[in-house]
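Thanks for coming. I will go through one model today, starting with a pair of helices and then moving to the core and the charged pairs.

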Amino acid sequence: MNIEEFLINNTDKIYKDYCEKSIFTKYKIYGVKNNKLKKIAKNIIKAGKEKEILDNFDFKSFEEIQLYIYVLNMIDDFEMIVNYLDKLLNIIDNWSNCDSIKPNAFVDNIEKIKKCIEIWLNSNHIYKVRFAIICCIRYFYDDYEMLKKIINLKSNEYYINIAKAWYITECLGENFETSFEVLKENIPDKATLTLMNQKVGYSMKISQDNKIRLKELKKIKKNLN
């Protein structure tokens with residue numbers, strides 16, 4: 001299959017305009033919808049041609065990376081996935097590609113993922129750190145040691161801090177009182193706190209009374225400073 005030809009023939013102009021406004025990347029955006037890319041990824045796996053895709057890191061477009069991710073998500077070998085991920089995360093430059101990485105094999109390898117998260121969190125690469133936090137959202141929303149670690153992670157990067165805020169909100173939605181106690185003892189930086197309250201505002205799992213309690217953390221933070 002000629003992937004570039006497929007992308008050209010399946011461009012959706014309205015979707016392309018939407019992507020270009022919401023995804024900031026150095027890669028060309030064709031505007032091919034994800035369901036079409038997922039279908040092609042399935043065909044690649046069925047044909048046994050996944051190695052042809054996974055061994056090629058010469059990406060020219062956002063969609064080529066997205067197709068790569070959808071193929072990787074279907075691989076069953078955890079060690080193989082991590083090996084490719086390490087290279088892929090160095091290339092990714094946007095939240096959409098990053099957040100699309102969700103290998104099926106991760107569900108059965110939670111403890112191994114935790115070790116990978118420790119490594120990714122210590123990276124200087126924005127999207128390695130963000131991906132680590134996204135993994136926490138998916139698999140460790142009731143791990144309060146992990147919550148403490150993420151709260152205390154320092155960064156000036158918006159796409160890291162918004163992921164931190166998202167993770168904190170998920171933990172609060174899962175078990176408010178325990179998560180709130182962790183928050184009171186480890187109040188996030190101002191940027192994360194602001195983003196967290198924005199996320200919390202949209203949450204259906206957190207009561208209005210508890211949302212007010214969370215806003216009080218800003219005052220506590222200010223007094224501590």
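Start with helix α10, which passes α11 in a left-handed crossing. Left-handed here says that the near helix is turned anticlockwise from the far one by less than a right angle; clockwise would be right-handed. Helices are DSSP runs of H or I, at least four residues long, numbered from the N terminus.

Before going on, the housekeeping. This is a predicted model, so local features need pLDDT of at least 70 and side-chain atom pairs count only at pLDDT 80 or more, while totals for chains, interfaces and linings use all residues. Residues are numbered from 1 along each chain as its sequence is written, and side-chain values use heavy atoms, with hydrogens and water left out.

Back to the pair. α11 covers residues 158–174, and α10 packs on α11 at an angle of about 150 degrees, the axes being 10 Å apart. The axes are lines fitted to C-alpha atoms over the stretch in contact, and the angle, on a scale from 0 to 180 degrees, is between N-to-C directions. That makes the two helices roughly antiparallel, a label for angles over 145 degrees. Which residues meet there? From α10 they are Met146, Leu147, Ile150 and Ile151, and from α11 Lys164, Tyr167, Ile168 and Cys171. Contact means heavy atoms within 4.5 Å.

Next, the core. The largest nonpolar core has 74 residues, and Tyr167 is among those with the most contacts inside it, as are Leu85, Leu88 and Ile117. To belong, a residue must be a buried Ala, Val, Leu, Ile, Met, Phe, Trp, Tyr or Cys, joined to the others through side-chain atoms within 4.5 Å. Buried is under 20% relative accessible area, exposed is over 50%, and partly exposed is in between, with a 1.4 Å probe and protein chains only. Helix α9 gives the most to this core, with ten residues. Apart from this core lies another, of five residues, including Tyr15 and Phe62.

Leu88 is worth a look: beyond its neighbours within four places in sequence, Leu88 is in contact with Phe57, Phe59, Ile65, Tyr68, Ile69, Leu72 and Ile101.

Outside the four places on either side, Arg130 is in contact with Trp95, Cys98, Asp99, Tyr159, Ile160, Ile162, Ala163 and Trp166.

Last, charges. Side chains of opposite charge can pair when their charged atoms come close. The whole structure has 13 salt bridges, each a side-chain nitrogen of Lys or Arg within 4 Å of a carboxyl oxygen of Asp or Glu.

Lys149 pairs with Glu118, with the closest N and O atoms 2.8 Å apart. Lys149 is partly exposed at 38%, and Glu118 is partly exposed at 29%.

Lys33 and Asp12 form a salt bridge at 3.7 Å, N to O. Lys33 is in the loop between α2 and α3, and Asp12 in the loop between α1 and α2, so the pair ties together parts 21 residues apart in sequence.

Glu20 is partly exposed at 37%, as is Lys16 at 23%.

Note on methods. Parallel < 35°, antiparallel > 145°, perpendicular 65-115°, else oblique.
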